[in-house]
Amino acid sequence: MNQKPINMGVDCKVNNCYYHTTENKCTAEKIEVGDCAANCNCSEDTFCKTYKEK
Ligand code: SF4
């Protein structure tokens, strides 16, 4: 069971991330979001760099 505090300001559906909870919340203390396209101009062009494999 994940005992780490939940970051209530982040909703996330990345089920296979170490920080993900069953309530679709994030337990990382902070997250870093970066771009994955040269000219990032929509949400599909962003991703979470704090992601960590379970
Ligand atoms: S670290 Fe990023 S990918 Fe992982 S649960 Fe938090 S917001 Fe989602």
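Where is N24 found, relative to β1 (7-11) and β2 (25-26)? N24 sits in the loop between these two strands.

Figure 1. Residues are numbered from 1 along each chain as its sequence is written. The chain has 4 strands and 0 helices, and its elements run β-β-β-β from the N terminus on. Here, helices (H or I, at least four residues) and strands (E, at least two) are DSSP runs, numbered from the N terminus. The C-alpha trace spans about 40 × 20 × 15 Å along its principal axes. Of the 54 residues in the chain, 7% are buried; a residue is buried if 20 or more other C-beta atoms lie within 10 Å of its own, exposed if 12 or fewer, and partly exposed in between, with C-beta atoms placed from the backbone.

**Figure 2. Confidence along the chain.** The predictor gives each residue a confidence called pLDDT, from 0 to 100. The chain averages a pLDDT of 92, and 96% of the residues score at least 70. Among the strands, confidence is lowest in β3 (residues 33-35), at a mean of 93, and highest in β2, at 97. Keep in mind that where pLDDT is low, the predicted coordinates should not be read in detail.

**Figure 3. Strands β1 and β2 side by side.** β1 and β2 run antiparallel and are joined by 2 bridges; two strands pair if DSSP finds at least two bridges between them. D11 is found in β1, and its bridge partner in β2 is K25. D11 is itself exposed, with 10 other C-beta atoms within 10 Å.

Figure 4. N24 counts as exposed because it has 12 C-beta neighbours inside 10 Å. Leaving aside neighbours within four places in sequence, N24 is in contact with D11, C12 and K13; two residues are in contact if their C-beta atoms, placed from the backbone, lie within 7 Å. D11 and N24 are 13 residues apart along the chain, while their C-alpha atoms are separated by 5.8 Å. For E44 and N24, 20 residues apart in sequence, the C-alpha to C-alpha distance is 19 Å. N24 also has a positive phi of about 60 degrees, although it is not a glycine. Most residues other than glycine have a negative phi.

**Figure 5. The residues around the ligand.** The shell is made up of V10, C12, V14, C17, Y19, H20, C26, A28, I31, C48, T50 and Y51. A residue is near a molecule or strand if its C-beta atom, placed from the backbone, lies within 6 Å of it. By class, this shell has 10 nonpolar, 2 polar and no charged residues. Ala, Val, Leu, Ile, Met, Phe, Trp, Tyr, Cys and Pro count as nonpolar, Asp, Glu, Lys and Arg as charged, and the others, Gly among them, as polar.

**Figure 6. K54, in the segment after β4 (46-48).** K54 is exposed, with 8 C-beta neighbours inside 10 Å. Leaving aside neighbours within four places in sequence, K54 is in contact with N16, C17 and Y18. H20 and K54 are 34 residues apart in sequence and 9.1 Å apart in space, C-alpha to C-alpha.

Key:
This is a predicted model: local features need pLDDT of at least 70, side-chain atom pairs count only at pLDDT 80 or more; totals for chains, interfaces and linings use all residues.
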